[in-house]
Amino acid sequence: MSNTLRIDPQSVVLERVTKRFGTTAAVDDVTITAEAGMLTTLLGPSGCGKTTTLRMIGGFYDPDEGSIRIGPKVVNGVPPHARSTRTVFQSYALFPHMTVFENVAFGLRATRVPRAEIPPRVQDALALVGLEGFAQRSSGQLSGGQQQRVAFARALVTRPEVLLLDEPLSNLDAKLRVHMRAEIRSLQQTLGITTVYVTHDQEEAMSLSDHVVVMSDGHVEQQGAPHDIYERPATRFVADFIGVSNFVAATIRTVAAAEVTVDALGTQLRLARPTTHDVYEGEAGLLVLRPEHLHLEEPDTVGGVGFEGTVASVAYLGAAASYTVALHGDTVLTVEDPAPRGAALRRPGDRVRVRLQVDRVYVVPDAS
Amino acid sequence: MAVLTPRPRRPRFLREPVVAFVYALVALTVALLVLYPTFTILVESVRGPEGGLTLARYQRFFTSTYFLHTLYNTLLVSGIATALSLVLGFAFAYVVTRTDLPLKGFFTAVVLVPMLLPAFLIAFALILLLGRNGVINRALYEIGAWLGMADPSALQWVIFGSHGVIMAQTLTFFPMAFLVISAALAAIDPRMEEAAEDLGGGYWFTMRRVTLPLLAPAAFSSALLVFMFNASAFGAPAVLGGGRLFFPQASMLAPEAIIQILGLYDWGMGTTIAVILVVPSLIIYVFGEYYLKKRSYVTVTGTPTAFTLRTVPPAVKWTLFAICLLVSVFIISVVLVVVAGAFTRTWGVNYELTWRHMATALTASRASITNSLLLSGGAAAAAAVFGILSAYLFTRRPFPGVRVLDFTAMLPYALPGVVMGLGFAVAFGGRWSWIVLTGTASIIFLNHFIRRMPFGIRSGSSALKQIDPVIEEAAADLGAKPVYSFRRVTFPLLRATVLGAFVFGFINMMTDITAVIFLVSPRWRLLSIDLFNAIDAGRLGVAAALSVIMIVSTFAVLLIVWRLSGKGLDLLRR
């Protein structure tokens, strides 16, 4: 790693932060910790408050309540130019009247870095993002991917303590997006920079993050490692927003230290006790059944926990096939068949048995 | 960790001392140069001869036949000239945005020429063409004589009178209608008209039911604007009106105000007429700003492009083409006839080539020429920079009440020149012995400055709308303080706008007479006033020479800025 880019990562802590626009709270009593050197994703649908949260960290909004700390310092009221955060904007916001070099040098000049230091640091930053030789291009002559690299170089050259990324991949085409995703992750890990990343794309969040914060309606639904969020969703919203889920109504019968028994689909199941929330006997819940944890079998197969039904539709996707199966009653389950063979595909109307991988079934509260 | 209790926060603009300082400066400027002069006019118009307040002058205005005829003349002339301006503006705009006719680029350029000329220059050129000794009327006389008519002058069509004023004002003001209407036409999605035709609408049906209704708000607001300028015009009525208007005993409002003050020294009546001019102007301005803008169907954003409507009937196309060609030829001949007049011994009598007028003009008006260039240039630069700085504050660092400040700062745009000039003469002229500036260069400079600041504000705020605020956020995010960010990011992006506002302001000041006629002094004369006096005194050769000097110097500045910005004439079409 080039020595002009040594970075001293700091944690970002939001404590009970609220931001209102008029009477509506865009961010409502949110507490988030982004650990130093880690990549934390704020994930949620549009309007969930994730960008507002990011802008409060960057200093573009002041919280109405609560505190924001970067490292040991409370930064409430500190204007953006006095913060050690740097943002890569969704539209990149390159200065159209400047060359690539001038764009990258801007932050150094604005903060009065000694003149002699500027060219080597800019060159290092451009090398880091693979844009050596582009210094004298005007920003209008760059492709979308190149513009984004300039935006990264421009942010990183000033050695920020925290890097803020506002949907940085949303303006790129699908192939480039996957490629840049990997690059961002490797850049972040080699620099060891604290990064807060805003996205509405759950796949992006899962593949990039150390820590995912799922937001909805201005509050935090759940935060944790990507696999925690996926395998142990705290709410129906999280289970629904991330990946595909089948929800089946259940009633909790007994609660033990590590186990619960529930009534669902006309039978009794023993499941692992949820770790994300409390459960009580007699309470209504929802079973989260991921399609990849359901398996199709011949209708008369014995063993395990399974339910008979009829294939309602088939979608062949190449790498997988997706079935919907109607059980008795009005329950319809989506089942994924990995590595399907065209000749062996089942057809609508076929009788099948859907087997549950009981150890992968999770219970969330039934909010309704 | 204790939760931080929110401390009461001051508005953002107060936390930045530079911003607060510039705001204070803007507020002070507006109070001193807009509100105070307007206020003094109001007070003068109701001040009784022995102190106290009186409405007697207003009563006199609305009961005297003479003053009422002045009002009727103004309304009639302005109404007709406005209607004609709309027709011409639409013809040019439609040809340019909807047809594939030749010479579109030529028409677009020619339309802008009247905007670069003083309002009364066209009136003056009309005298050279159609006055009693005008080229055309002389020729007609010769034809009559050759035909052996008893009175060959019966063939002549002399320009003095309402028709002349209407013609001059139409030619002067239709470019404004053109600019608004062509922007609106270009912004109407062509697919709307195509959809109408696709659904079976014929050309006229589509025009009547789709194009014109979509255009209506823009056309209406340009009509109001043009009417406002017509109603407060001074040049053409003064040059061509004299005793031959619809009501021949009376003049029109703006010249009458000037006669009352400069001829009769009746400040009370002069200010009363000014107030009477202010009221409709303000109503029209407020209506246009706050009502029409919300109703407009077209939002002018990005780069509007012309397209060709394939189904325009040839008869329509070529009729419009003929109108545009005729008007363009006429505009060009206006410039040519003035140039010719400058180098002709005695217009209409002796067409010998001479440098005499030019020499006279250059010696007698040397000081005026320098004054005009320096004062207009300086004030235009100040107005452009200060106006755009204000626009930046208003849009990017707003505070509660910013709309009031914006409205007040924009007022000089709505207030007729006569009013702003008279306001300055009253406010800073010793009648209100507080600040006395009469006879100085600063009274002219400040008047120019405050009247052109609205152009800076207007073009600045529309340019700022095109600049994504995230660009400025990026600057702040990278550690740039507000002043640094404005200096290095926002202002450079507004460079073309600043230059445009400068040029526009400069040309307006060089050619203005209605305001400065109250403010010039023997020590500080101006080119435009010298020119007007020469026309008034019938010294047509010298007047033409002065016109040429004015045209050449404005075009020179225009060319320089064109080179600087690389944008050319486009910068006038904000």
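Predicted model: local features only at pLDDT ≥ 70, side-chain atom pairs only at ≥ 80, totals over all residues.

Tutor: Let us begin with chain A, where four strands make up an open sheet in the order β2-β1-β4-β5, with antiparallel pairing. The two strands at the edges are β2 (24–34) and β5 (73–74) of chain A, and because each has a single partner strand, one side of each is left without a neighbour in the sheet.

Another is strand β10 (residues 219–224) of chain A, which pairs with β9(A) in the antiparallel sense over five bridges, and here the bridge partner of M215(A) is V220(A) in β10(A). β9(A) and β10(A) form a hairpin that has two residues between them, and D217(A), which lies in the turn, has a positive phi of about 50°.

Stepping back to the whole of chain A, we count eight helices and 20 strands, and the C-alpha trace spans about 80 × 50 × 35 Å along its principal axes. Of the 368 residues of chain A, 42% count as buried, and among its contacts with a separation of 6 or more, 67% are between residues 24 or more positions apart. The domain assignment divides chain A into domain 1 (3–231) and domain 2 (244–292 + 304–365), and the C-alpha centres of these two domains of chain A lie 39 Å apart.

Chain B has another make-up, with 24 helices and two strands. Its radius of gyration is 25 Å, close to the 25 Å that the globule rule gives for 574 residues, so chain B is as compact as a globular protein of that length. The C-alpha trace of chain B spans about 110 × 75 × 50 Å along its principal axes, and buried residues make up 47% of the 574 residues in the chain. One helix to follow by eye is α14 (residues 314–342) of chain B, whose 29 residues reach 42 Å from the first C-alpha to the last, close to the 42 Å expected at 1.5 Å a residue. Among the buried residues of α14(B) are L320(B), C324(B), V327(B) and I331(B).

Chain B is also divided, into domain 1 (55–336) and domain 2 (355–574), and the C-alpha centres of these two domains of chain B lie 24 Å apart. Where they meet, 28 residues of domain 1 of chain B and 26 residues of domain 2 of chain B take part in the contact. On the side of domain 1 of chain B that touches domain 2 of chain B, α13(B) gives the most, with nine residues, and by class this side has 23 nonpolar, five polar and no charged residues.

Finally, consider how the two chains meet: 20 residues of chain B are in contact with 28 residues of chain A. On the side of chain B that touches chain A, α20 (469–477) and α21 (482–493) of chain B each supply at least two residues, and the largest share, six residues, comes from α20(B). By class, this side of chain B has 14 nonpolar, one polar and five charged residues.

Definitions and conventions:
Residues numbered from 1 in each chain as written. Chains lettered and ligands numbered in written order. Contact = placed C-beta atoms within 7 Å. Nonpolar A, V, L, I, M, F, W, Y, C, P; charged D, E, K, R; others polar. Expected span 1.5 Å × (residues − 1). Buried ≥ 20, exposed ≤ 12 C-beta atoms within 10 Å, placed from the backbone. Pairing = 2+ DSSP bridges. Rg over C-alpha atoms; globule rule 2.2 N^0.38 Å. Domains from an automatic or database assignment.
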